[in-house]
Amino acid sequence: MALASERQEFILATVRERGTVRLADLVDRLGVTAVTVRRDVTILADRGLVSRVHGGVTLLYRGPTADERATRGVFTHGRLPDQAFVGMVVPTVEYYWPAVIQGAQSAVAAAGGRLVLRASAYDAAEDRRQITGLLDRGVRTLLVAPTNTGEAGQDLLRWLGSLNVPVILVERLPPPALPTLPLDAVTTAHSLGAGLAVRHLVTLGHHRIAFITARFSPTTKALREGWRETTASLGLPSHDGLAHDVPPYGSPGWADAYDAALRSCREAGATALFVHSDSEAVGLVERAHEHGLAVPEDLAVITYDDEVAAAADPPLTAVRPQKHRLGVLAAEMALARAVDPVERPVHRVELWPNLIIRASCGGTAPVATGR
């Protein structure tokens, strides 16, 4: 059984025959190390062919047993535990996440429960440390926005899938390498939101639309992909020279960096900007005015987030993710999973953002002057 493929076929055949097999038995029968068997089982589980259980492997995901439900403190009579104790781990409690947290808090409070919050830092090891701390506190369900990229992210997701408490992913999905990981998730269709912005600008006659961002995050990545895919699908000219990263508005050197980005966009023929997020859009409009460019007459602007866009001069058209509703829905899904851990199917829910039209795009596209 030297080849990995042969070992995995043997494991699969044994599980089909017995239903559940202990890892220790597989080690004895295959004559390899426990590490090798665990690696083979992980590969089979990632492919959706088996499910891992404590100390063993089974053919199908079976849901928790009655003893496991008792360990969770879960009731199966259609009602919540007396105190729904929910833990939440997010990458930051500043940008983007406050409204999500508030939504989750309101839903948990409405159910008579308590939400306990921890902040991580886009790091899988820190995510796991914070989650472990919440489990030690006795939380009964988890809302988590984990790192989901790279081998460390995949290992973290596998661990989350093995926990004896319901886990709801928030603004995250398992990667394609883990296609059958049975975790509920609620996300925002950020890529579609970028498409809404681009399509609105195209209906106004814009064909060179720049994308400007100041933050590295999963949201930024999705917006960039949506901008690229939509411009390509609409047959717009090449977006070369139209994607720029700038420092946060108000940080050291921001004005010079924004001037350079505006100059580059104008030289590339851009007549419109799609900006992530509001504060950077406000700064770009400010610098445009300083250089004699009128918004929207010379340059249309759409922002992503809509936290302070309405207070800009002029008020900014914005794509608005439903952050508060996202938090509410994540908490409701967690509480529903606590009530019905066995029969409830895995839920993957995606919320669409809204396009809020204001004054910053005008009615028609300006003529690019290259200035």
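Helices here are DSSP runs of H or I with at least four residues, and strands are runs of E with at least two, both numbered from the N terminus. With that in hand, Pro345 is found in the loop between α12 (323–339) and β14 (348–351). Before going on, some ground rules: this is a predicted model, where local features need pLDDT of at least 70 and side-chain atom pairs count only at pLDDT 80 or more, while totals for chains, interfaces and linings use all residues. Residues are numbered from 1 along each chain as its sequence is written, and side-chain values use heavy atoms, with hydrogens and water left out.

**The whole chain**

The chain has 12 helices and 15 strands. Its C-alpha atoms fill a box of roughly 75 × 50 × 35 Å along the principal axes. Of the 371 residues, 51% count as buried; buried means under 20% relative accessible area, exposed means over 50%, and partly exposed is in between, using a 1.4 Å probe and protein chains only. A contact means heavy atoms within 4.5 Å. Among contacts with a separation of 6 or more, 71% are between residues 24 or more positions apart.

**Back to Pro345**

Pro345 counts as exposed because its relative accessible area is 51%. Leaving out residues up to four places away in sequence, Pro345 touches Asp184 and Arg337. Pro345 and Leu183 are 162 residues apart in sequence, yet 9.8 Å apart in space, C-alpha to C-alpha.

**The nonpolar cores**

In soluble globular proteins, nonpolar side chains tend to be buried together. A nonpolar core here is a set of buried Ala, Val, Leu, Ile, Met, Phe, Trp, Tyr and Cys residues joined through side-chain atoms within 4.5 Å. The largest one has 42 residues, and Ile209, Leu273, Phe274 and Val301 have the most contacts inside it. Elements giving two or more residues to this core include α8, β9 (209–213), β11 (272–276) and β12 (300–304). Which element provides the largest share of this core? That would be α10, with five residues. Apart from this core lies another, of 26 residues, among them Ala107, Ile168, Ala330 and Leu351.

Setting aside residues up to four places away in sequence, its contacts include Ala194, Ala197, Phe211, Leu223 and Tyr304.

His200 is worth a look too, and sits in helix α8. His200 counts as buried because its relative accessibility is 14%. Beyond residues up to four places away in sequence, His200 touches Ile302, Thr317, Leu355, Ile357 and Cys361.

**Salt bridges**

The structure holds 13 salt bridges, each being a side-chain nitrogen of Lys or Arg within 4 Å of a carboxyl oxygen of Asp or Glu. Here are some of them:

| Pair | N to O distance |
|---|---|
| Asp305 and Lys323 | 4.0 Å |
| Arg320 and Asp306 | 2.7 Å |
| Arg358 and Asp306 | 2.8 Å |

Asp305 and Lys323 meet in a salt bridge at 4.0 Å, N to O. That pair links distant parts of the chain, with Asp305 in the loop between β12 and β13 and Lys323 in helix α12, 18 residues apart. Both Asp305 and Lys323 are buried.

Asp306 forms a salt bridge with Arg320. The two are 14 residues apart, Arg320 in strand β13 and Asp306 in the loop between β12 and β13. Arg320 is partly exposed, with a relative accessible area of 30%, whereas Asp306 counts as buried at 12%.

Asp306 also meets Arg358 in a salt bridge. Arg358 lies in the segment after β15 (354–356) and Asp306 in the loop between β12 and β13, so this pair ties together parts that are 52 residues apart in sequence. Arg358 is partly exposed, at 22% relative accessible area. Elsewhere in the list, Glu151, Asp155 and Arg158 are linked in a network of salt bridges.

**The second largest pocket**

Pockets come from a 1 Å grid over the protein atoms alone: a pocket is an open set of points where a 1.4 Å probe fits, with protein on both sides within 12 Å along at least five of seven lines, and lining residues have an atom within 4 Å of a point. The second largest pocket holds about 840 Å³, a volume being the space filled by probe spheres set on points joined across faces, edges and corners. Its lining has 27 residues, with Asn148, Glu171, Arg172, Pro218 and Thr219 nearest the centre. The largest share of the lining, five residues, comes from α9.
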